[in-house]
Amino acid sequence: MKKILIITNLFPDKYSPHSEVFVQQQANELAKSYDVKVIATRFKHKLAVEQDNRATYKVTYIYLPVIKYVFLSLMFSYRMYAIPVIKRIITEWNPDFIHVHDYRHVPELLLLNDCLINYSIPRYLTLHNIRTHPVMVKSILFKWFYRLCISKSYSGWTHIFTVNDRIKDIIAKDAGVTAISNIGNAIGPIPQIPIGILDSYKQKLSNNSYKIISVGNLKLEKGYSLLIKAVSMLIKKKYDIQVFIIGKGVEKEKLLSEISSMGLAGNIFLTGDLSNEIVRNLYTLFDAFVLASYSETFGVVYIEAMYAGLPVIGVKGQGVDGIVKHGINGLLVNPIDIEDLAEKIEYLINNKESVKEMATKGQALIKSEYQLEQLVNKYRYIYEQ
């Protein structure tokens, strides 16, 4: 059996067991056909290297010390602490393929690429975001530094995968002759959970309300404040709406304050962080999925909701735009536009037949084109070439 070493900074760990599960799900699927090992780097102020020996593959966690707010301190800590562990595992295990997931372009990818280029092993890179690409960086100083390093970060890969065409187009020039494919993202079936595990959530939901679910980290760019304000506008128009917002993050206290000040404590609930298994089953209790994120490279949660048969609202120009075709299998709103968001939610409430048809088309699309087995088969095809 051929061996694949996955190196990623997107992998659940003991501190965040429910976040960034999609790379883990891909590793699980790959482990059906390959011998898999994972190296996962995480940021902590204390250095540690820990092993998690799973039933099907081993995960080595490298916890890197980093100075808070000084991202480039990783130029030192990644080189000093992560690179030696990666070299040791490659030398001892001798993988047939190396697949790197995500990695901010600077500094980790620059250092990692400089390390991996010394091995005669096919190596692949999947980019899930481009937040530190020069076109996305506002600081003139960092923009200059990233521009200097970006082509070195992309050079020499056997193949680069992206999750949407926008990322592919942006990196094409810097990648040079390296082949690039837009491979998208994917999900598996809804996992089974113990009977009764959703009871506490069901008790909060009213039979008569229009029930909205939203999932993601509680960050400004996820647009939760916009959603709260839009729902407040509709409740003032006498609509009975309940919203579950699932996730954790720095915006929690601010969002709770907004909910309280608008008198929406009985309408909008912050559930905290929940496992993907619970979230996938929760979708079926709701009438719609709404995430007004204006910084989204793909948005796996949208396709999870569509798979569950929910109508979805996303934002124009983001990663979900193209998967969601406005008015056909979902709705798209203008970024940071509360009135437009409220209008689209109101449309969902008042047009049940056409909305049901959109949801059905969305579900059919995800089941036919965005399944985990299909995605991994695309990887396998490229690997085996």
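Trainee: What makes strand E4 mostly covered?

Mentor: Six of the seven residues of E4 (residues 58–64) are buried, where buried means under 20% relative accessible area, exposed over 50% and partly exposed in between, with a 1.4 Å probe and protein chains only. Strands (E, at least two residues) and helices (H or I, at least four) are DSSP runs numbered from the N terminus. This is a predicted model, in which local features need pLDDT of at least 70, side-chain atom pairs count only at pLDDT 80 or more, and totals for chains, interfaces and linings use all residues. Residues are numbered from 1 along each chain as its sequence is written, and side-chain values use heavy atoms, with hydrogens and water left out.

Trainee: How do you know that E2 and E4 pair?

Mentor: Two strands pair if DSSP finds at least two bridges between them. Strand E2 (residues 35–43) and E4 have seven, in the parallel sense. Valine 38 stands opposite valine 59 in E4.

Trainee: In which sense do E3 and E4 pair?

Mentor: Strand E3 (residues 48–53) pairs with E4 in the antiparallel sense, over six bridges. Glutamine 51 has threonine 60 of E4 as its bridge partner. With four residues between them, E3 and E4 form a hairpin.

Trainee: Why are the buried residues of H13 said to line one face of the helix?

Mentor: Buried in H13 are Leu372, Leu375, Val376, Tyr379, Ile382 and Tyr383. Seen down the axis of H13, the buried residues fall within an arc of 115 degrees, so they line one face; the arc is that of the directions from the helix axis to the C-beta atoms. The face turned away from that buried side carries the exposed residues Glu373 and Tyr381.

Trainee: Why is H7 called roughly parallel to H8?

Mentor: Helix H7 (residues 224–236) and helix H8 (residues 252–261) pack at an angle of about 10 degrees, with their axes 10 Å apart. Angles under 35 degrees count as roughly parallel, over 145 as roughly antiparallel, 65 to 115 as roughly perpendicular and the rest as oblique, so H7 is roughly parallel to H8. Tyr224, Ser225, Ile228 and Lys229 of H7 make the contact with Leu255, Glu258 and Ile259 of H8, contact meaning heavy atoms within 4.5 Å.

Terms used:
Axes are lines fitted to C-alpha atoms, for helices over the stretch in contact, and angles run from 0 to 180 degrees between N-to-C directions.
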